[in-house]
Amino acid sequence: MSNEAWMREYLGGLAHVHTRLSNYHGHHESDQSVQSYVAWLHEHDLLGPQAPWQYLVITNHTANPVRPWRLSLRGWRSRQLKHQALQATVDGIRVWQGFECSLLPNGHTDIPDTMHARAAVVVASVHGGWSNFSDGPSRLATLEQACNLLEVDILGHPLRGIEAVASDLNWELLWRRATATGTAIEINVNSFPGATEPEWRQTPWHQWLKSLAHGPAQLWLGFDLHNQVQLERLRANWQSIDNPDEPNQLRDCLLALRSAGIRPERIINRQVNDWQAWLDQPKGDRGSKL
Ligand SMILES: [Zn+2]
Ligand SMILES: [Zn+2]
């Protein structure tokens, strides 16, 4: 069986995608719009009915991830984000418009109520490093606490920035909390360490995926796309998916999922109808996919 055939089982929704509205002072990673993503991905056969991905899930930052703060409702940015959130289809491609908010040390997020009410989906992540949060197990407590927030659908890149202490944490506590509350856990393809990355990043990832395989939390595959460079890499990765000689983050990440024992059915953003059904359920009813 080619890689392409089994890997398609894990794919469907190209999720965790940022547009230029995610740029802030000191944070200028993004150079795309929803339209430019759709046009480019469609042109390169990456998005469409027969393509590896069929729909987009946009998750713009609600506020500056470098210095998270609660967004002013009167601001220009807030209006732009609300306006964009009304686009559900672009050139025949379904687009879900959500947000990636930042977890704050006070146990809340930076997303205002009126914005999460309009958002298709809300991802909550730690940005700007963990230095504002206390060390060790309390970091895990921060993530557990975030699961309790009704506005949070998904925990974004929970491993990022704490690889060094990951093996000391009892992740099962988090998986149980996530399952009990209906919060999905992101596997962030963009931060998956490639074959040339140091051992201190690789080992925790593989251990973490093994722990995740025992579940029972639901999983969300996110790509954290911001710009043209990443789009080109995604295309190169997909084109060389069956060529073991080319370095390939997407292939390495999906191989790691499979060898950890994570089956495709665990991923909630695959077939469009399943994804919609998951979103339609009240958070507390989303349950486990195991
Ligand atoms: Zn993030
Ligand atoms: Zn992101």
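**View 1. Contacts of Leu-143 in the predicted model.** Apart from residues within four places of it in sequence, Leu-143 is in contact with Leu-155, Pro-158 and Leu-174. Leu-143 belongs to helix 5, which spans residues 137-148. Leu-143 counts as buried because 24 C-beta neighbours fall inside 10 Å, where the cut-off for burial is 20 or more. Arg-177 is 34 residues away from Leu-143 along the chain, and the C-alpha atoms of the two are separated by 9.4 Å.

**View 2. Val-17 in the largest nonpolar core.** This core has 72 residues. Val-17, Leu-56, Val-122 and Leu-219 are the residues with the most contacts inside the core. With neighbours within four places in sequence left aside, the contacts of Val-17 are Tyr-37, Leu-56, Val-57, Ile-58, Thr-59, Phe-223 and Leu-225. In soluble globular proteins, nonpolar side chains tend to be buried together.

**View 3. Packing of helix 7 and helix 9.** Helix 7 covers residues 199-213 and helix 9 covers residues 249-260. Their axes lie 8 Å apart, at an angle of about 50°, which means that helix 7 is oblique to helix 9. The crossing of helix 7 past helix 9 is right-handed.

**View 4. Residues between helix 7 and helix 9.** On helix 7, the residues that meet helix 9 are Trp-205, His-206, Leu-209, Lys-210 and Ala-213. Their counterparts on helix 9 are Ala-256, Leu-257 and Ala-260. Sorted by class, this contact has six nonpolar residues, one polar and one charged.

Notes:
Residues are numbered from 1 along each chain as its sequence is written. Chains are lettered from A and ligands numbered from 1 in the order in which they are written. This is a predicted model: local features need pLDDT of at least 70, side-chain atom pairs count only at pLDDT 80 or more; totals for chains, interfaces and linings use all residues. A nonpolar core is a set of buried Ala, Val, Leu, Ile, Met, Phe, Trp, Tyr and Cys residues joined through C-beta atoms within 7 Å. A residue is buried if 20 or more other C-beta atoms lie within 10 Å of its own, exposed if 12 or fewer, and partly exposed in between; C-beta atoms are placed from the backbone. Two residues are in contact if their C-beta atoms, placed from the backbone, lie within 7 Å. Helices (H or I, at least four residues) and strands (E, at least two) are DSSP runs, numbered from the N terminus. Axes are lines fitted to C-alpha atoms, for helices over the stretch in contact, and angles run from 0 to 180 degrees between N-to-C directions. Angles under 35 degrees count as roughly parallel, over 145 as roughly antiparallel, 65 to 115 as roughly perpendicular and the rest as oblique. A crossing is left-handed if the near helix is turned anticlockwise from the far one by less than a right angle, and right-handed if clockwise. Ala, Val, Leu, Ile, Met, Phe, Trp, Tyr, Cys and Pro count as nonpolar, Asp, Glu, Lys and Arg as charged, and the others, Gly among them, as polar.
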